[in-house]
Amino acid sequence: MKLKFLSILAFTSLMFATSCEDWLDVQPEGSPNDANFWQTDKHYTSAMDYVYDCLNYEETWGRDLFWEQGASDDIFFSRARGASQSNLANLIMDGNTEGSIKNNYELFYKSMAAANNVIYHALKMSNRTETINIRLGEAYFMRAFMHYMIAYRYGRADNGVPFDRYEDYDPYVTKIPEQRATVMDNYALIIEDLENAQNLLPWFNTTSSDDYGRATKDAAIALEVKTYAYWAQHDKTQWSKIPSLVDKLENEGGRALMNNFEDVFKVENEWGSEYIFSINSTGANYAGSIFPGIVLDNKGWGYYNGWGNFKPTLELYAEYDENDLRLPATIMKYGDEFTYFGEKRRFYSSADLECGFHFKKYMDPFAKGSIDKVTGAGVNEALSPNGDRPTTDLNVPIFRFAEMLLFKAEAQIETGVNAAQTLNRIAKRAGLGDNYYSNPTIQDLMHERRCELACEYTDRLMDLKRWTAAGYQDAKARLESEVHGLKYENRSDPDSKLVANGTVYDETTNPASKVQQMTINGKTFDGVIVIQKAKNYTDKCSVLPYDINEVIKAQGALKQNKGYASSF
């Protein structure tokens, strides 16, 4: 049974009455002390439902977080975008013009404040029920998760992010949260919350299906792994803490790789052994993440309102070995067969900007249903009937076990331990053999992480940034280089030939119109076009800038990140 995290009745007004609308606003928040509400299991369950609600929004894991990935080397904005998204894709950031990230920043702090409320009131209870203790554990997890989402994207070694715990004050003091001196201070507080969560939460494999989708001990451990990985870019000793946590997920939590990579992204397997935490989604009531519909080709070949925002680059396609089973499960190229509304089709795309590819990873719900022979419309109960809110029955993963194994392998490499046994588990499932690696390097780890996690909310862009910070120049080169696609003579024909190399339409005003032959990752391609220009990566780009308006309103309580202008 799926837990449907929708906004809940009058509780919304209660939460906003007792927590901040904007954590960095200089107006008082109001003390979280409504004694009439915080009494029963039902109260705390409703409170946590509201905390989870931010997972559903377009501004978070529906779409807006993924705009940042335009600056990576994996995705291409296949529809023309305004300055907000274009600036993010070109690493042109100033705290004022990259509007797509402002809403999720505010929503993370609202959700964090709501989790703070749950923790504050639960800790005041002398006799908590088992249910309230579990909800308290969930609140610790969600406070840590929202804190992490701000910290790793905005926090620097010389400038942390704002964070307060309500329970540190009694009664709670209304004030702007303290900006921590370093992001390492933030990571330490995140780890503390996650350890508290683990002490209260059940393992997923002991959870009732009625509670599927809520945070579990598994999710808290997985986030602890990710937090240590980002902490390690400032303190390499943190790598040593990761392997045992991943082993605990496997040995005590029962997490494991599924046998087939493509099965991970099928609706019927979304609670399988690889599951750790996801955006629970259904088509019938518009609940969850719209991301599968965002990735679907614009207008869905006439049968569904796909938004067509994100498509793969040629560089990502070329990253895969020819025999890698993840390639056909992740990316479609011209002529590839797939099932759509119950019918076999072959891929092409005549919609919007051209790149020649499409992500396949989230296509399973679109394979179901049928096409009405009278109306020609697609009929599919796995999809939202409202294409303006294109949720599906497929959960969108946030943490899954394969990524945990990749972090374990990375930690082993960074601490001088041979990671072959760990990384070969990933490679074996990809069809590359039992002993693909003998003594893998960090470059091997980068390759496997890219191929395994493409188009997931695991943050390819920040992977490249943290590897650049560690001194790996190949990661920096990928951040800066232009990326490419393929151009076809007839975009509406899956059998179309590529446009001849050397063809130039208007190279002076549009360099992307030049068609050339290129060799990428040892593979030679014809009909290659530039789809994203080269960019300049500097130290300031390692994190995002705080909204300049928040810096001004905070009147000195919020310090802007180094390299970005501040008017205060």
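**View A. Phe277 and its bridge partner in the predicted model.** Phe277 has Phe399, in strand β10, as its bridge partner. The coordinates come from a predicted model. Strand β2 spans residues 275-279 and strand β10 spans residues 396-400. The two strands run antiparallel and are joined by 4 bridges. Strand β2 is mostly covered, with 5 of its 5 residues buried.

**View B. The largest nonpolar core.** This core holds 171 residues. The members that touch the most other members are Trp61, Phe141, Phe145, Phe277 and Phe291. Helix α6, residues 130-154, gives the most to this core, contributing 16 residues.

**View C. Surroundings of Phe145.** Neighbours within four places in sequence are left aside here. Phe145 is then in contact with Leu55, Trp61, Leu223, Phe277, Ile398 and Phe399. Two of these contacts, Phe277 and Phe399, are the bridge partners shown in View A. Trp61 and Phe277 are, like Phe145, among the core members that touch the most others.

**View D. The open sheet β11-β13-β12.** Three strands make up this open sheet, in the order β11-β13-β12, with antiparallel pairing. Strands β11 (483-486) and β12 (516-520) are at the edges; each has a single partner strand, so one side of each is left without a neighbour in the sheet. From one strand to the next, the twist averages 70 degrees.

**View E. Pairing of β12 with β13.** Strand β13 covers residues 523-532 and is joined to β12 by 4 bridges. The two strands run antiparallel. Thr519 stands opposite Thr524, which lies in β13. In a regular strand the side chains alternate between the two faces of the sheet.

View F. A disulfide is a covalent bond between the sulfur atoms of two cysteines. With a cut-off of 2.5 Å between the sulfur atoms, the count comes to 0 disulfides. For Cys355, the closest cysteine sulfur belongs to Cys455 and is 12 Å away, too far for a bond. Cys451 is in no disulfide either; its nearest cysteine sulfur, again that of Cys455, is 14 Å away. Cys355 has a relative accessible area of 3% and is buried. Cys451, at 0% relative accessibility, also counts as buried.

Technical notes:
Residues are numbered from 1 along each chain as its sequence is written. This is a predicted model: local features need pLDDT of at least 70, side-chain atom pairs count only at pLDDT 80 or more; totals for chains, interfaces and linings use all residues. Side-chain values use heavy atoms; hydrogens and water are left out. A nonpolar core is a set of buried Ala, Val, Leu, Ile, Met, Phe, Trp, Tyr and Cys residues joined through side-chain atoms within 4.5 Å. Buried means under 20% relative accessible area, exposed over 50%, partly exposed in between (1.4 Å probe, protein chains only). Contact means heavy atoms within 4.5 Å. Two strands pair if DSSP finds at least two bridges between them. Axes are lines fitted to C-alpha atoms, for helices over the stretch in contact, and angles run from 0 to 180 degrees between N-to-C directions.
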